[in-house]
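Good morning, and thank you for making time for this item.

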Amino acid sequence: EGIIDLIIPRGGKGLIRAVVEGARVPVIKHYEGNCHVYVDAAADLDDALAIIVNAKTQRPGVCNAAETLLVHRDIADGFLPRAAKTLAALGVELRGCDRSRIIVPSMKEAVEDDWYTEYLDLILAVKVVDSVEDAVEHINTYSSKHTDAIVTNDLSAADYFVVQVDSSSVMVNASTRFSDGGEYGLGAEIGISTDK
């Protein structure tokens, strides 16, 4: 205290947890990222597929990779089978809610812990929601407040999402992977604070 202004621990969760618990100065935690992509009823489905593939598969072991896909009920029947086929071909295991599994029966059943989990792997939780409001409620309940995205061509849905999602970075029609110091023009990273 009085000599060190800030600690940025780099390493595994155990190291970071130990530093946070013992520190008496501020700590920037490069910790967990439970990121979401919400595909709205007004989404361009080609864009949505490209975004979720990038967000989940480009580098699945990083904090800005998507861990949950939320899909509006109005487009779920058309979008989920296509997305499931594409993601399965890329080695992604899907864990779905009951509504998702009716549409794509090959999905494993999601349990409550799946909504909280940062997999850091080719695993994706999937949930069908009734509205942008339901998507925001899910995100604000389960997200780690790192990065969350909406895919939509509806400006009012995008505005609502951006204002209501309580996360550090909120994307519209972009992959969660865009949340990066270099992409933001801030240069190389020592570590990204994965909370607010």
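Predicted model: local features only at pLDDT ≥ 70, side-chain atom pairs only at ≥ 80, totals over all residues.

The ring of Y142 forms an aromatic pair with Y116, and the arrangement is edge-to-face. The two ring centres lie 4.7 Å apart, with 70° between the planes. Y116 belongs to helix 5, residues 112-116, whereas Y142 belongs to helix 6, residues 132-142. The pair therefore links distant parts of the chain, 26 residues apart. Is Y116 buried or exposed, or does it fall in between? Its relative accessible area is 43%, so Y116 is classed as partly exposed.

By the ring-centre rule, the protein has 3 aromatic pairs. Another of them joins Y38 and F161, whose ring centres are 6.3 Å apart and whose planes meet at 15°, so this pair is stacked. Y38 sits in strand 1 and F161 in helix 7, residues 155-164, so the contact ties together parts that are 123 residues apart in sequence. Both Y38 and F161 are buried.

Y38 also leads us into the sheet. Which residue of strand 2 is its bridge partner? That partner is L70. Strand 1, residues 35-39, and strand 2, residues 66-72, pair in the parallel sense over 5 bridges.

L120 has a phi near 55°, a positive value in a residue that is not glycine. L120 is found in the loop between helix 5 and strand 5, and its relative accessibility of 36% makes it partly exposed. K145 is a further non-glycine residue with positive phi, here near 70°. The loop that holds K145 lies between helix 6 and strand 6, the latter at 147-151. With a relative accessible area of 26%, K145 is partly exposed.

Let me now step back to the whole protein. The model contains 7 helices and 7 strands. From the N terminus, these elements run α-β-α-β-α-β-α-β-α-β-α-β-α-β.

How does the radius of gyration agree with what a compact globule would have? For 196 residues, such a globule would have a value near 16 Å, and the protein has 17 Å, which agrees. The C-alpha trace spans about 60 × 35 × 25 Å along its principal axes.

Buried residues account for 45% of the 196. Among contacts between residues at least 6 apart in sequence, 67% join residues at least 24 apart. The accessible surface comes to about 9,500 Å², and 50% of it belongs to carbon and sulfur atoms.

That concludes my presentation. Thank you for your attention.

Terms used:
Residues numbered from 1 in each chain as written. Heavy atoms only, no water. Pairing = 2+ DSSP bridges. Helix = DSSP H or I, 4+ residues; strand = E, 2+ residues; numbered from the N terminus. Rg over C-alpha atoms; globule rule 2.2 N^0.38 Å. Buried < 20%, exposed > 50% of the residue type's maximum accessible area, 1.4 Å probe, protein only. Contact = heavy atoms within 4.5 Å. Areas by Shrake-Rupley, 256 points an atom, 1.4 Å probe, with all protein chains shown as cover. Phe/Tyr/Trp six-rings, centres within 6.5 Å; stacked < 30°, edge-to-face > 60°.
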